Amino acid sequence: MRNGRGTLTALHLLLVWATMATAVPMLGFGLVAAAWGGGTGATVPVLFVGVPLALGLLTVAGLPARSVVPLCGSMSRRLGWAVLVFALGTLGVLAGLAAYGGDVDLGSAETRLALTGVPYAVAAAFFVPSRWVRWGALAVLAAGVAYGGVVGPAQARQRQHEAETARYRERAALLYLGDAPPGMRVAHAQVGPASFVVDYRPVREGYEEGYVGLVVRTPLTPALRCPEFAPENETCTVTPQGEMIRVGDIPGSADAVTLTRRHRSAEVEVSRPWTNVGSAASWTPCTRSRTRSCES
């Protein structure tokens, strides 16, 4: 490509980018404002006005490229070129919005506004009859797809993980998770602002019945003690080792047993609807921390 045509091509793509980086955010703001004020139906007039206006601006932006882009050689062909560039570029903007909705980092507000014009410039580059320009547009497209579909989501998950870790770093004792009792698995785990809750269910759920609940929290009292107002069908005992055992006598059902003990700076409570207190008392927290909610 000769220097003159190369400069003209660069100016052509820059003009397309600048035009759409200005027009598309204004159109988007108009759509949001109309939807906010009058619902989805109110966006139709905005589209009827905004889309032809954007196509007109693109048609004007294609005037300097009449000698570079064959589709810009006449008014009718230039209008067709504008429709194609607008359609392809809008698909790119929608893909970017989907990535942004998935917490992909697209920079500051100014950067995001500037990025809205990039898909239209890339689409316009594919209509330039130059192998190098088209290869460059393909490289930009591939980079955008890779970042929006792979790299960006991975970074978003990493940032979420780091934020959750930082949130609970001051309460590391709340993140201890005990080994599942024999024959059981972790069915649900959730981290709260001051607690960590785990539900265990039988591995062969449907064939075996059972449930064990684990709650790790900040100690509620300086020392474990039985509640002053306990239910009539519940007995409570504090062992010499400082553990509190509560047994609820439920007529027609298995006794509900709750074991509470202190583990380092946390208070651990294990409950299960069986009278076999020994197996519950043998539970010992391990040091595997969990910083995300999970379900299986």
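Here, a residue counts as buried when its relative accessible area is under 20%. With that in hand, welcome to a quick tour of this predicted model.

**Helix α3**
- Helix α3 covers residues 75–101, and its 27 residues reach 38 Å from the first C-alpha to the last, close to the expected 39 Å.
- Buried positions in α3 are R78, W81, A82, V85, F86, G89, V93 and A99.
- Just after the helix, D103 takes a positive phi of about 70°.

**Nonpolar cores**
- The largest nonpolar core has 25 residues, and M20, L58, V69, W81, V85, F86 and Y120 touch the most other members.
- Two or more residues of this core come from each of α1 (3–38), α2 (43–61), α3, α5 (118–125) and α6 (131–168).
- Leaving aside residues up to four places away in sequence, Y120 touches V16, M20, V24, V85, F86, G89, T90 and V93.
- Another core, of 12 residues, lies apart from the largest one and includes M184, A189, F196 and V216.

- Strand β7 (residues 256–263) has six of its eight residues buried, so it is largely enclosed by the rest of the structure.
- On one side of the pairing list, β6 (residues 244–248) joins β7 in the antiparallel sense over five bridges, and I245 has L259 as its bridge partner in β7.
- Strand β8 (residues 266–272) also runs antiparallel to β7, through seven bridges, with T260 opposite E269 in β8.
- Two residues lie between the strands in the β7–β8 hairpin, where R264 takes a positive phi near 55°.

Terms used:
Residues numbered from 1 in each chain as written. Predicted model: local features only at pLDDT ≥ 70, side-chain atom pairs only at ≥ 80, totals over all residues. Heavy atoms only, no water. Helix = DSSP H or I, 4+ residues; strand = E, 2+ residues; numbered from the N terminus. Expected span 1.5 Å × (residues − 1). Buried < 20%, exposed > 50% of the residue type's maximum accessible area, 1.4 Å probe, protein only. Pairing = 2+ DSSP bridges. Core = buried A, V, L, I, M, F, W, Y, C linked by side-chain atoms within 4.5 Å. Contact = heavy atoms within 4.5 Å.
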